[in-house]
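Dear colleague,

Please find below the structure that I am handing over to you, followed by an account of what was found in it.

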Amino acid sequence: MDKLNAIVGLSLLAAMFTTLAWAAPPEWPLVRDQQATSTIVIAPDATKAAQLAAYELQWHLEQMSGTTVPIVTDAAEATGTWLLVGASAETERLGIAAEKLQDQESVVQFLPGAIVMIGKDAEDRGVVQYDPAHPRRYTTWPDPYDNCGTLGAVYKVLEDYCGVRWFNATELGRVIPHRRTVVITNAKDHSEIPAFTNRSSTSIIYRVSLDGKSWSASAERMGRGAQLWRADTPEYGEIDRLNWPELYRKFPNGNVEEMRSQCLLYVYRARWGGERFGCNHSFYGYYNRFWEKNPNAEDQWEGHHPEYFAVGYEGQPPEPCFTNPGFINQVIKDADDYFEGRGSKQGAQNWGRYFGLVPMDNAQWCKCPTCQAQLRPEAIRDGMNATASDYIFTFVNTIARAVQQRHPGKYVSTLAYAAYQGHPSFELEPNIAVDMCLHTRNWFAPAMERADRRMMQEWSVEKGKRPLHCWLYWTFPLEIANNGRFHCFPGFFAHTAARQYRILRDHGINGIFYCGVGQDVENYIASKMMVNPDLDVKVLLDEFFSMQFGNAGPALQKFYERVEAIYSTPENYPPDIAQGLRGSHQTRELAWKWLGTPERMAELAQYIEAARQARVTSIQAQRRDVFIKQYWDYMVAGRRLYEEQNALPTPRATAAKVAKAGGDPTKVNWAEASAMTDWRKCTGEPPARKLAGWLAHDGEYLYVRLQEEIAPQELQLTANAFGGDCWEIFVGRRPDRPYRQMGVNSSGNNTGIAWGESGQAGMDQQPWDSGVKIVPDTSQPDRWETYLAYPLDKLVMGEPLKGGDVFFMNVVRTSRTGGLNLHSWSPTFGGPTEPSRMGEVTLAP
């Protein structure tokens, strides 16, 4: 009897006598005393997933024991325990049919003398290169958005029976126990399909053409995306080098190709990938195609079709006209081209079996009667906006019907987002996939949790009827902090995230896309619970800290969980947030006035000191030092920066009393007005623009004159007053909420917003009926001036202002040319909306 028949016979014999105990527990020796006692067996024409899985198994066993377990393609050459990796003649003879497995399924079976590790793999059988000497080895590997089930089976064995962990994408994130002997005991068969079919992130989208295939040129972001330090800081580079000691030893200046390879291996190991699913704003390319020929993209021009776009706006329209028949037919043609293999158009968001249909990132809808008739201004429900749901989903339904007729089995995908968050008032076509945009990292604000839960509840009526996905904004609070040039209080939320995975699953959500990534703990929780949401988060946290940091682990875990509790507890925020009256992103003030207080920082410092004093191994010390530099040092720097900035006074000015001008700012004698001086960048740095301002009042109106030395033709004018070049004016009775904000651009177009005045949940933002009179002036070739007259009885909330009164104000010059560029009268040290930094203005008696 050959060995394979012996395996089958023993397996059947074991099944017949399941009530009999083994004389000794079964075991599967892989290595004994640094001698291989096993062989990895793969098919001669193994899939790429199986080849890579075999290499991964071999490499990890070698790292553990210093022993190379051979890989063979002929079972006759195998000795010791057979490690059957992927589908082969041997697995077929055992009755294990890979073709019967479900998508993304992984199976591990323990048989006498053999371990079967198999899964559903894509039919991609090219040659895999694994040797690090191969400069672009990752280009030969399987796409993680194809079936790679065999990889999942191998990783299951390495984790559960060999003690291997991959806590992040870097070298220090790998925990591989060292032992001369590797023997598997107490094994159980296992079959697993990830709970979420798509597990994707901005860091791992493989869509760049490379060697004729669809690949990403940015996988290395999985090793850097968890950083809190901005990329332009020295600490960012220091942490990068500490995380990759061996890579930088070999390549002192770094090696992006090798880092990319290692980070892509982490993607497989952490089970990221899954089904191809894409959904994002998908019509920006229409401007180069149909609105105006772009000299930098002339090959995209297809002809002038202004009828495709929204009416009622000056300049370039902000949106398409979603009811225009010509536009609808063009979108259907684009879908035909995509599904028939002629590729995607510029700006499209299509992937796999999904064709993206998402408006621009604004709510400036077409003003034609047909479009306006489909809007529902009343459809705002407890923080969830469905005012445009009928409008947008009517369009999506129309495209979906055409796709269903032409391309059965294909889908259109769209977001539930912004003004079309809610379910429409009608049924959807069955081939529509919906991607809900959820602020789950901001559930410290009850209003935001309530809105997210309401959205999921509304859309759960579609559970089982269509693919439901979610877009999770894990980019916050870091994105807000980086844009505002302040340090965030870390958004640790492992326990909340763990609870959310079960909520998402129970509402029928099939896939998850992360806008941004979390920090290392959150990413580890994500990688585990996207596969199995029922895992115990306490167990995951315990192994994260104990396996990486040894004796320093308990103190670092206490640090993490204390930061998490501070961040996630509503009562640690201002009363209107805690009471559910408004949602909020983190601001500089929230971070360091409300969360990272001196008292809490002193408490946290004790945990860090305990971790530093713990006796640990060399590698544990390296990990500990990176953790402290990454998180604690960042927080210390953030607290110090906040204190230094707050020590700088806000400006003061007196609005001069002038003769009555009747609300006409051009009739003011501006020579008598008070100047607003010392303009700076919002970061506090010297200005890069030549700005000036003046204030005056006549007892009835506050007059404001704003000026910049700039050629008016350089100004970016958009339909949205806040969208391009604009002035933003902030006023309040005190430097806190409530306050009012206005954006005004060079055409005089303006939008006024009152923040925090209603005291009602879900109504934090309301229109501000300011009564302002605006006179824009772009007549001079070298300057842009804006004159404004605000009625004093409408300027701030409460009693009308009069001579001798004090109020608070700031003016911000916003530009989005070449990225967001902010200047202000009073530096905010963050984004423009920082009421605590408003300057003090006295109305002269």
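In this predicted model, strands β12 (residues 198-201) and β23 (residues 511-514) run parallel to one another and are joined by four bridges. Within that pairing, Ser200 has Phe513 of β23 as its bridge partner. Both strands belong to an open sheet of eight strands with mixed pairing, ordered β15-β12-β23-β22-β21-β20-β17-β16. The sheet ends at β15 (273-274) on one edge and at β16 (350-351) on the other, and each of these strands pairs on one side only.

Helix α12 (residues 446-459) lies across β20 (411-416), β21 (432-438) and β22 (468-472), and it runs at about 165 degrees to β21. Helix α9 (residues 325-339) makes its contacts elsewhere along the strand order: its buried residues pack against β16, β17 and β20, as well as against α8 (286-291) and α11 (389-406). Of the 15 residues in α9, 11 are buried, so the helix is mostly covered. Among them are Phe327, Ile328, Val331, Ile332 and Phe339, together with the acidic residues Asp334, Asp336 and Asp337. With a relative accessibility of 3%, Gly356 counts as buried, because the threshold for burial is under 20%. Leaving aside residues up to four places away in sequence, Gly356 touches Ser282, Gln349, Asn350 and Ser413. Its C-alpha atom is 9.0 Å from that of Ala335, a residue 21 places away along the chain. Ala335 is itself one of the buried residues of α9.

Helix α4 (residues 149-162) is a further enclosed element. Of its 14 residues, 13 are buried, so α4 is largely enclosed by the rest of the structure. Its end C-alpha atoms are 19 Å apart, which agrees with the 20 Å that 14 residues should span at 1.5 Å a residue. Gly163 follows the helix and has a positive phi, near 75 degrees.

I turn now to the pockets and cavities. The second largest pocket has a volume of about 830 Å³. It is lined by 34 residues, and those closest to its centre are Trp59, Gln63, Glu171, Arg174 and Gln262. The elements that contribute two or more residues to this lining are α2 (48-65), β9 (174-175), α6 (245-250), α7 (256-269) and α21 (618-646).

The structure also holds seven cavities of 30 Å³ or more. The volume of the largest cavity is about 250 Å³. Its lining consists of 22 residues, with Asn168, Asn243, Asp520, Val626 and Tyr631 lying nearest the centre. Two or more lining residues come from each of α5 (234-243), α15 (520-529), α16 (537-549) and α21. Of these, α21 gives the most, with five residues.

With kind regards

Technical notes. Residues numbered from 1 in each chain as written. Predicted model: local features only at pLDDT ≥ 70, side-chain atom pairs only at ≥ 80, totals over all residues. Heavy atoms only, no water. Pairing = 2+ DSSP bridges. Contact = heavy atoms within 4.5 Å. Axes fitted to C-alpha atoms, helices over the stretch in contact; angles between N-to-C directions. Expected span 1.5 Å × (residues − 1). Buried < 20%, exposed > 50% of the residue type's maximum accessible area, 1.4 Å probe, protein only. 1 Å grid on protein atoms, 1.4 Å probe; cavity = no way out; pocket = protein on both sides within 12 Å on 5 of 7 lines; lining within 4 Å. Points joined across faces, edges and corners; volume = space filled by probe spheres on them.
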